[in-house]
Amino acid sequence: MPSIEDLLSKSIPELRELFLDRGRAVPRGFLEALEVDTRQGAHQLARRIRERYRSNRSEGQRLHTLLRFEIDLWAQGYSFVAGVDEAGMAPLAGPVVAGAVILPQNYKLRGLNDSKKILDPEMRDELAVQIKQDAVCWSYGFAEVEEIDRINIYHAGLLAMQRAVQGLRCAPDFVLVDARKIPHCPAPQRGIIRGDALSASIAAASIIAKTTRDAHMLQMDGLFQGYGFAQHKGYPTPEHCRALKELGALPIHRRSFGRVRAALGLDPIQTELFDDVSEELPVEAAAAQAH
C-alpha cells in the first residue's frame, strides 16, 4: 500500500480514479490529509469518498436485515433454506414462471431486492447471473397457458412454484414463500406477505423468475411479431390490448382472462379467481430446470 505522502503526490483525477472508480481501500489518515489539501477538488473528493462509505454501510445494513428470516432458520439448524417466488400472474399471454433458490449462509449481494423494485432490466440480468453463480442451487418451473386456463391463474402460480422446488438439485430443509403455501412440498415452509421485499432468498427467487420469464417472452416476440412482447412481456399495456384487438388472440394468450375472451368474442368466465386454495393441484411431470 503506498504511503499517504506517495498518494498525495498524485493528481486529483488520479486519486478519483483509484478511490471512486476502482473502489480501492482508503488508508488510515488519507481522508484527513485530503481535507486539508489546498488543491482544487481535494475537499470534494474527500466528501465523495465519505459518502461512498455511508452508502456501503447502509447497503450492508439493508442486506443484513434482508437475511433476518434466513438467519433465524440457520440458527435452528436448517442448512438449506430455499426462497420461492413467481412472476407473470397478471399478463394476458405467456406462462407463469417460478424461481427457487438456496443461497449460501450469510450471503450478501449488493443490489439484491424484490425484482419489481429493480427497474433496470440490465441490472436484473446481472444480478440473476451472479445469483446463479453463487447459489448452492437454483431452479425454475413453468405453468403453461393451457394449465392456467384449466386450473386458473392462482393454482397455476402454485403449480409453477411446486415445480421449481422439485427441480432443485439439493432438497431444501425449509422453504420460504412469497405469501403462499406450496402444495405437495415435503419440507416445512412459511408464507411471508411481501416476502420478496423482506427475505433475501425470496428476493433472489423473484429475480430468477422474472428474468427467466422475460427471456421466454423475448423468444415469443421472435415467433409472433407485431404484438410487442419484447416490450411489454405479455402484460396488459395499451399497446398490447390494441394489438390483441387488431390482430386477434394467439395460442399463447390466456383464454381464461377477460380481455382475451373479449377479443375472441367469448363470454366472461363467471368463476372466482381465488377459489378454495386447498384444492389439490395436478402432479404432472415437472416442467422445471435445476442447477
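**Entry: helix H2.** On one side of H2, I found Pro13 and Asp21 exposed. The model is a predicted one, so I kept that in mind throughout. Which residues of H2 are buried? I noted Ile12, Leu15, Leu18, Phe19 and Leu20 as the buried residues of this helix, which spans residues 12–21. Looking down the axis of H2, I see these buried residues within an arc of 160°, so they line one face of the helix. I then asked what covers them, and the cover includes helix H1 (4–8), H3 and H4. Just after H2 comes glycine 23, with a positive phi of about 70°.

**Entry: a salt bridge at glutamate 17.** While on this stretch, I checked glutamate 17 and found its side chain in a salt bridge with that of arginine 22, at 3.2 Å from N to O. Buried or exposed, how does arginine 22 come out? Arginine 22 is exposed, its relative accessible area being 56%. Glutamate 17 has 37% relative accessibility and so counts as partly exposed.

**Entry: H3 to H4.** Next I looked up glutamate 32, which makes a salt bridge with arginine 50; their closest N and O atoms are 3.9 Å apart. Glutamate 32 belongs to helix H3 (residues 30–35) and arginine 50 to helix H4 (residues 42–66), so this pair ties together parts that are 18 residues apart in sequence. Both ends are partly exposed: glutamate 32 has a relative accessibility of 44%, and arginine 50 has 29%. I also wrote down a network of salt bridges that links Glu32, Glu35 and Arg50. For the whole model, I have a count of 11 salt bridges.

Entry: In S2, valine 101 is the bridge partner of glycine 83.

Entry: Which side chain meets that of glutamate 86 in a salt bridge? I found arginine 180 there, at 3.2 Å from N to O. This pair links distant parts of the chain, 94 residues apart: glutamate 86 is in strand S1 (residues 81–87), and arginine 180 is in the loop between strand S4 (174–178) and strand S5 (189–192). Both arginine 180 and glutamate 86 are buried.

**Entry: helix H12.** My last stop was helix H12 (residues 238–247), where His240, Ala243 and Leu244 are buried. Viewed down the axis of H12, the buried residues fall within an arc of 100°, so they line one face of the helix. Pro238, Lys245 and Glu246 are exposed on the other side of H12. What covers the buried residues of H12? The cover includes helix H11 (229–232) and helix H13 (258–263). After H12 comes glycine 248, and its phi is positive, near 90°.

Conventions. Residues are numbered from 1 along each chain as its sequence is written. This is a predicted model: local features need pLDDT of at least 70, side-chain atom pairs count only at pLDDT 80 or more; totals for chains, interfaces and linings use all residues. Side-chain values use heavy atoms; hydrogens and water are left out. A salt bridge is a side-chain nitrogen of Lys or Arg within 4 Å of a carboxyl oxygen of Asp or Glu. Buried means under 20% relative accessible area, exposed over 50%, partly exposed in between (1.4 Å probe, protein chains only). Helices (H or I, at least four residues) and strands (E, at least two) are DSSP runs, numbered from the N terminus. Two strands pair if DSSP finds at least two bridges between them. The arc is that of the directions from the helix axis to the C-beta atoms. Contact means heavy atoms within 4.5 Å.
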